[in-house]
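Open your viewer and keep the selection tool ready. The tour goes stop by stop.

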Amino acid sequence: MSAILNDAQGRLADQIDAVLPQTQCKQCEYPDCRRYAEAMAVGEAAINQCPPGGEEGIAKLARITGHPIIPLNPAHGVTQPFALAVIDEAVCIGCTLCIQACPVDAILGAAKQMHTVIASECTGCELCIAPCPVDCITMELAAAPPPERADHWRARHRFHLFRVERDKRERAERLKAKALAKLDDPQFQAPDKQAKIQAALARAAARQAESAPALEPTVDPKALARQEKLREILARAAARRGPPAGETDHEDE
Ligand code: SF4
Ligand code: SF4
Ligand code: SF4
């Protein structure tokens, strides 16, 4: 959740966010660029915590905040040349962990299918590398993107946050509907089964209560529609293949 800022701090956070690289890599130790911008706006964070922004970024932040220029804090990493994630599709086992880690939804794939990175969307944040259980993601040097790419990544990340919350709400709704359908089913009237159904209803209610209000996505709606369509096609293809032997439905666990 974003920090609560007064009007002046909000305007300052907007100015700061506008010059951050929007890699969304978390090296600043904040969950994303916007959160780091807000922390600087309230005086909680220093201006030298963003390796992708490097010295040039620190100079811009110094101008905006009025703080003196200081060197990049090495505790947050070093500035590296731009690189894109590449998946070795022959090794990928389709576990989807990289998709869950990607802050800009730059990875396409479905459960048990090979995954691939949309190179034009990848920010080079490297967040997909650590979760991969078979180490099939590597970073490959690429031409530095034009500065305006940052605005696109900001919008992609904003849509990602919107999608994650939407998916959470939809999962909670499905769990609730499934539990309600079983509540009056004669097959589920034994006390232990009823207790499990009530527990599932309580979990669904808790998930709905936890869900943050959805941000409005600001990315091009046509591009989003194309990507959603592609996701649907991949999900339908995965569904046709059916769950592998031994796979269980985790939604109501
Ligand atoms: S690019 Fe990475 S380190 Fe820089 S502000 Fe954004 S999330 Fe933080
Ligand atoms: S594909 Fe990997 S490196 Fe590229 S943006 Fe997504 S998580 Fe970051
Ligand atoms: S985390 Fe690795 S194995 Fe899993 S889907 Fe992504 S690339 Fe494939």
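Which exposed residues does the face of α6 turned away from its buried side carry? They are Pro191, Asp192, Ala195, Gln198, Ala199, Ala202, Ala206, Ala209 and Glu210. Exposed means 12 or fewer other C-beta atoms, placed from the backbone, within 10 Å of the residue's own; buried means 20 or more; partly exposed is in between. Helices (H or I, at least four residues) and strands (E, at least two) are DSSP runs, numbered from the N terminus.

A note on the model. It is predicted: local features need pLDDT of at least 70, side-chain atom pairs count only at pLDDT 80 or more, and totals for chains, interfaces and linings use all residues. Residues are numbered from 1 along each chain as its sequence is written, while chains are lettered from A and ligands numbered from 1 in written order.

Stay on α6. Select Ile197, Ala200 and Ala204, its buried residues.

Next, ligand 2. Select its 14 surrounding residues (C-beta within 6 Å); the closest are Ala85, Cys102, Cys122, Cys125 and Cys128.

Move to ligand 3. Of the 15 residues around it, Cys92, Cys95, Cys98, His115 and Cys132 come nearest.
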